[in-house]
Amino acid sequence: MEEAIKQIWEKARHGASANPSTRRIVIDPITRLEGHGKVDIFLSDKGNVERAYFQVPELRGFEVFSRGRPAEDMPQITSRICGVCPTAHHMAATKALDDLYQVEPTVPARKIRELVYNTFMLEDHALHVYVLGGPDFIVGPDAPAGMRNIVGVIQKVGVEVGKKVIVMRKRLRELITYAGGKVIHPVLGLPGGVAKGFAAADMPKFKELAKDGLEFARFTMQVFRDIVLKNPEYVKLITSDLYTHKTHYMGMVDASNKVNFYDGLLRVVDPSGKEIAKFSSRQYTDYIAEHVEPWSYVKFCYLKKVGWKGFSEGADSGVYSVAPLARLNAADGMATPEAQKAYEEYFKTLGGKPVHHTMANHWARVIEMLYAAERINELVNDPDITSSNIRTIPTKTPKAGIGVVEAPRGTLIHHYETDERGLIQKANLIVATQGNSARMAMSVEKAAKGLIVDGKVSDGLLNMVEMAFRAYDPCHGCATHSLPGQMPIVARIWNKQGQVVEQIVR
Amino acid sequence: MSEKPKVGFYWCASCGGCEESVVDLAEGILDVVKAVDIVFWPVAMDFKRKDVEAMPDGAILATLLNGAVRSGEQEEMVRLLRRKSKLLIAYGSCAHTGGIPGLANQFSREEILKFVYQESPSTANEKNTRPQTRFAEEGRETHLPELHQVVRSLDQVVEVDYYLPGCPPTPNLLKNALGVLLSGKLPPKGAVLAPETALCNECPRKDSKPQDVAFKEFKRPHLARIETDKCILAQGFMCMGPATRAGCGAQCVQGNMPCTGCFGATSRVRDQGAKMLSSVCSNIDPKEEPEIDKVLEGIPDPVGTFYRYGLARSLLRRKVSTV
């Protein structure tokens, strides 16, 4: 059976980037295929990089076609923005409904939501660590690209581990299905609560799952330590200047400034790690603005009070970053003991706060897995979780509501305005990947500049560029409300005469 | 060389949930891999368009395609895959009936662009910049694909052999469909590879569904408690179950929420929304117009309720734009 998987990946390897000679083929209209991120790299007369554009070529318009819909349908409509992280949109929308109807969810309902949400974070992060981004590290950036995938991971860490990952994700997704009816596009969220509770009789299996989930997170941490941290080459790569940007960071924190995915205030630190803002979701338009460029459909978020100063880093530039690296930088610690220990080790190893290395996202992600797993254990053992008091029925007239969560890929904001019947008149969404879109564009340009010198294009260019943005776990499905989560990419290199000299596709 | 039948997966305008549903086969994916040769699957493996172009026509046994069609590039790809595949299968609501993105057909492209790049409360864009299909800066020219006006289901673009409904289809449905395709005992062309009965038939609450429902009001789900053991429609919440095809195991009802109709109608019904509307209207209890209006206040968004997944392929299709 493993042989069969290997064959698939062999084929993928053949077509993808293992062999530079196949990768360097000029490939025509695939460049225009939607579902592709696009990179256009322009060279100077001397053949050095003048400018690289990281483009997202698609837009769907959920905000507009939500108009006229009953607000209570939004958790299910907006989850269709992304089938990889539907639970994030579902939960942000549900919290926007709480705000819209000025209704507090009951304590058990809040805990159920938080349980489902942390379960989702754990399984989604696991997907990234083992399948999408992690292979760069676990198998190694120097390994043939054809091995930098789940099969390579399995070979490196053993078949049993591969099975463990598949089974663990499946079981975690079963919990979400239990509470939400469906794991892809769940239905539990209502203003003031959730549609369905947990039955006491079903808890033993979820308690078992919670224990195994924590064991799994610990194991993942160990894998990361053994394979990545014990290898000085990897550590050098993580900290290399090519993957470093000194920007602002944003993340949600609880009352003690600890990382929280489900609820809290948004905190911003500057490139020196100093808090410069802390605000509630209601104030988001005072702090966050979106910049438009004519060459991409995606908008670029920046800190409004600092201002848009172009694609640049430093305290004077409004560019900020979100997702695991940013969340750890923006907080003072983790709310659970094992995650806190890992958090301390992380900053100690990487030279203190804040960490500016994009590649450290992978490590931060594993620390967040530990937190999610520990939090799940707290929640499944909380007697409130099986309470039947799961809804407060709204009584107030709706007007405007804003909800925020930390999606796996960063801060996610849903903002709705309605008429008195609760029909959407205006919807505005700031999705996670947008919070990183400026920094991601900078990373791609920096990698291109570092790797293309005097007209010589390094064979490893695309892998390195890819690694630069894969660390962010970008979801352009979210960013444009249209594309699937994992993104193939096209890079085109133009000379000064406006001709394509190189086109690389993955 | 492998003699196994060739199967492809491809996406157009979709959210990635259909891809996740394939991944959710979990260890079941191994059986699929044993039985077929996956010739392309962009989300998991690289493939190039010219590889597909180089294949003889009909070389692929079946292509399962998810997502709606909303651009020229997608249309080209869809036509190419149609030629190369013996069987083209619309996978999931968006390819089947347009899906939720099809709700955009109620609005013009201009309304969308104007909001996103100008009117949105967080957008700072004094110069009114818009993404350009061609943009030149200091001699450098970048390109973006043009967005089309309407969203179409797959069979509004090319001939489709079979359909797998659902947002997303369930892993069981996929397993069964692959079994049918590989068995060689093909159902009649155009078949939807899911049960020909209404969702109510497989609903765990079907025993509490009354023979005749007389609607005195419609309750919106956020304003009233939903009991966990009674037919949701009989409780006065709009549940699309009676007008929706079975096959998902009544997942939303298992989550104690109404069915929203993602599997589309059974083959006997041309238009899912019209079917549900007519059945609702004939079961409204009051007979006088003002009272009827009052009952219907509980359904403030008929298009989003009755055509949430099916607008693009329905009799309504789209709003004729005035912008």
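Salt bridges and their surroundings

Author: B:Glu159 and B:Lys189 are both exposed. Exposed means over 50% relative accessible area, buried under 20%, and partly exposed in between, with a 1.4 Å probe and protein chains only. The side chains of these two residues form a salt bridge of 2.2 Å, N to O. The term stands for a side-chain nitrogen of Lys or Arg within 4 Å of a carboxyl oxygen of Asp or Glu. B:Glu159 sits in the loop between E6 and E7 of chain B, and B:Lys189 in the loop between helix H7 (171-183) and helix H8 (251-254) of chain B, so the pair ties together parts that are 30 residues apart in sequence. Helices (H or I, at least four residues) and strands (E, at least two) are DSSP runs, numbered from the N terminus.

This is a predicted model, in which local features need pLDDT of at least 70 and side-chain atom pairs count only at pLDDT 80 or more, while totals for chains, interfaces and linings use all residues. Residues are numbered from 1 along each chain as its sequence is written, chains are lettered from A and ligands numbered from 1 in the order in which they are written, and side-chain values use heavy atoms, with hydrogens and water left out.

In chain B, the side chains of B:Asp155 and B:Arg313 also meet in a salt bridge, at 2.7 Å, N to O. This pair links distant parts of the chain, 158 residues apart: B:Asp155 is in the loop between strand E6 (140-143) and strand E7 (162-164) of chain B, and B:Arg313 is in the segment after helix H11 (302-306) of chain B. B:Asp155 counts as partly exposed because its relative accessibility is 23%; B:Arg313, at 28%, also counts as partly exposed.

Over all chains, the rule counts 49 salt bridges. One of them joins the side chains of A:Arg171 and A:Asp212 at 2.9 Å, N to O. A:Arg171 is partly exposed at 25% relative accessibility, and A:Asp212 is partly exposed at 27%. Salt bridges can also form a network: A:Glu123, A:Arg169, A:Arg173, B:Glu20 and B:Asp24 are linked in this way.

Next comes the interface. Between chain A and chain B the rule finds 7 salt bridges. In one pair, the side chains of B:Arg308 and A:Asp73 meet at 2.8 Å, N to O. On the side of chain A that touches chain B, helix H1 (residues 2-15) of chain A supplies the largest share, 7 residues. The residues of that side divide into 51 nonpolar, 18 polar and 28 charged. Here Ala, Val, Leu, Ile, Met, Phe, Trp, Tyr, Cys and Pro count as nonpolar, Asp, Glu, Lys and Arg as charged, and the others, Gly among them, as polar.

Contact means heavy atoms within 4.5 Å, and 97 residues of chain A are in contact with 89 residues of chain B. The area buried between the two chains is about 8,300 Å², with 59% given by carbon and sulfur atoms. Buried area is the accessible area (1.4 Å probe) that two parts lose on being put together, summed over both.

Polar contacts follow a wider rule: a pair of N or O atoms within 3.5 Å, where, within protein, one must be able to donate a hydrogen and the other to accept it, and residues adjacent in sequence count only if both atoms are side-chain atoms. Across the interface of chain A and chain B, 31 residue pairs are in polar contact, both residues at pLDDT 80 or more.

Inside chain A, A:Arg267 lies in strand E6 (residues 265-269). A:Arg267 is buried, with a relative accessible area of 8%. Its side chain makes a polar contact of 2.8 Å with that of A:Glu275 and another of 2.9 Å with that of A:Asp332. A:Ser317, in the loop between strand E9 (300-303) and strand E10 (320-321) of chain A, is buried at 2% relative accessibility. The side chain of A:Ser317 reaches the backbone oxygen of A:Ser312 at 2.6 Å.
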